[in-house]
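This briefing goes through a single structure, topic by topic. Please keep the sequence and the model side by side while reading.

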Amino acid sequence: MTKPTDLRAKTDDQLGEELGNLKREAFNLRFQAATSQLEKPSRVKEVRRDIARIKTLQTERTRSDAK
């Protein structure tokens with residue numbers, strides 16, 4: 001799980017890269033779950049929440065830039 005303070009320290013490019021990595025991981029976890037090969041089911045929830053944290057931070061930044 002990524003802490004919000006760690007995410008705020010990253011640049012927009014780093015956040016975009018991290019978001020891409022998490023989306024790929026979520027995709028792989030969905031496939032593992034479908035084939036009953038998922039070792040750590042709680043990881044799915046963690047990845048989804050990390051994706052939401054990054055998207056929220058990106059939205060905050062775009063809204064603050066627009067003002």
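A search of the whole structure finds six salt bridges, a salt bridge being a side-chain nitrogen of Lys or Arg within 4 Å of a carboxyl oxygen of Asp or Glu. The model is a predicted one, in which local features need pLDDT of at least 70 and side-chain atom pairs count only at pLDDT 80 or more, while totals for chains, interfaces and linings use all residues. Residues are numbered from 1 along each chain as its sequence is written, and side-chain values use heavy atoms, with hydrogens and water left out.

**Salt bridges**

- Side chains of opposite charge can pair when their charged atoms come close.
- One of the pairs joins the side chains of E18 and K10, at 3.5 Å from N to O; K10 is partly exposed, with a relative accessible area of 25%, where partly exposed lies between buried (under 20% relative accessible area) and exposed (over 50%), computed with a 1.4 Å probe on protein chains only.
- The side chains of D12 and R61 also meet in a salt bridge, with 2.8 Å from N to O.
- Because D12 lies in helix α2 and R61 in helix α3, this pair ties together parts that are 49 residues apart in sequence; helices here are DSSP runs (H or I, at least four residues), numbered from the N terminus.
- D12 itself is partly exposed, at a relative accessible area of 47%.
- R43 forms a salt bridge with E25, and the closest N and O atoms of the two are 2.7 Å apart.
- Since R43 lies in helix α3 and E25 in helix α2, the pair ties together parts that are 18 residues apart in sequence.
- Both partners count as partly exposed, R43 with a relative accessible area of 21% and E25 at 26% relative accessibility.
- E25 and R43 are linked with E46 in a network of salt bridges.

**Packing of α2 and α3**

- Two packed helices are described by the angle between their axes and the distance between the axes.
- Helix α2 (residues 12–34) packs with helix α3 (residues 42–66) at an angle of about 150°, and their axes are 10 Å apart; the axes are lines fitted to C-alpha atoms over the stretch in contact, and angles run from 0 to 180 degrees between N-to-C directions.
- The two helices are therefore roughly antiparallel to each other, a term used for angles over 145 degrees.
- Their crossing is left-handed, meaning that the near helix is turned anticlockwise from the far one by less than a right angle.
- Residues of α2 including L15, L19, L22 and L29 meet a set in α3 that includes V44, V47, I51 and I54, contact meaning heavy atoms within 4.5 Å.
- The residues of this contact divide into 10 nonpolar, two polar and eight charged; Ala, Val, Leu, Ile, Met, Phe, Trp, Tyr, Cys and Pro count as nonpolar, Asp, Glu, Lys and Arg as charged, and the others, Gly among them, as polar.

- Not counting residues up to four places away in sequence, R43 touches M1, E25 and L29.
- R43 and R30 are 13 residues apart in sequence and 11 Å apart in space, C-alpha to C-alpha.
- F27 is found in helix α2 and counts as partly exposed at 41% relative accessibility.
- The C-alpha atoms of F27 and V44 are separated by 9.6 Å, and the two residues are 17 residues apart along the chain.
- T2 has its place in the segment before α1 (4–8) and is buried, with a relative accessible area of 18%.
- T2 touches L7, D50 and R53, again not counting residues up to four places away in sequence.

How values were computed: Parallel < 35°, antiparallel > 145°, perpendicular 65-115°, else oblique.
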